[in-house]
Amino acid sequence: MALSISSLTSSFTSLSFSHKAKSKPFAISFVPSRRFTITASASDTESIAEILANAAEAAARITPTRPELPGGMSVEKYMKSRLPGGIAAQEILTTGRRKCAVARVALQEGNGKIIVNYRDAKDYFQGNTVYLQYLTRPLVALGLEKRYDIFVKTHGGGLSGQAQAVCLGVARALLKISEENRPTLRNEGLLTRDARIVERKKAGFKKARKREQFSKR
């Protein structure tokens, strides 16, 4: 039986293929959420309240606050009233330096207020406890943290350098008040000027001493 190519092509073209996809509807069911109840005894409630109270107290210590000033006056007016003639005209005036920071410190008898650049110290140093400890470290070493007020004008560097510059200035001011404070301040290392600074970048180096990675090939 001989078949020609034309007859085969005509027979294939006459065929028709049909495909009908049947889609079945589907549904998604959600499980209703359950409510959970927690029962706590009286002792548990007291412990939770104590934890919350401690957390609130810690947050209050860290949160910057403005000093309590007489008559509701501003910090700038209070500083001008306490420092007649400006900070440069004060009798107990010292200078502290650290890295690029310079701090001029005036010490007066008071109750422990610290004002930096016409702002409260906690506000200026953003509540950082490490920086605030630098400010009062010489006074704490001598047990005089509640006997003097500190007035500071500082510029240059960052907050860390400025805080350490104030520390040196306060130590020098206490030494100016009485030479008897020298042994205690000297033993604490508070009278030594820290001369360390960032080493300059060198030509051909990424930083002061860091080189690019060596490649043999």
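Two strands count as paired if DSSP finds at least two bridges between them. I kept that in mind while looking through this predicted model.

**Entry one: β1 and β2.** I started with strand β1, residues 93–98, and looked for its link to β2. Six bridges join the two strands, and they run antiparallel. I then picked out individual partners. Threonine 94 has valine 105 in β2 as its bridge partner, and threonine 95 stands opposite arginine 104.

**Entry two: the turn.** Next I checked the hairpin that β1 and β2 make. Two residues lie between the strands, and lysine 99 takes a positive phi near 55°.

I followed β2 onward to strand β5, residues 148–155. These two also pair in the antiparallel sense, over eight bridges. Here glutamate 109 faces tyrosine 148 of β5.

Is β2 mostly covered or mostly open? I found that seven of the nine residues in β2 (101–109) are buried, so the strand is mostly covered, where buried means under 20% relative accessible area.

Last, I turned to α6, which spans residues 159–177 and has 19 residues. From first C-alpha to last, α6 reaches 27 Å, close to the 27 Å expected at 1.5 Å a residue. Why do I call α6 largely enclosed by the rest of the structure? Because 14 of its 19 residues are buried.

Methods: Residues numbered from 1 in each chain as written. Predicted model: local features only at pLDDT ≥ 70, side-chain atom pairs only at ≥ 80, totals over all residues. Heavy atoms only, no water. Buried < 20%, exposed > 50% of the residue type's maximum accessible area, 1.4 Å probe, protein only. Helix = DSSP H or I, 4+ residues; strand = E, 2+ residues; numbered from the N terminus. Expected span 1.5 Å × (residues − 1).
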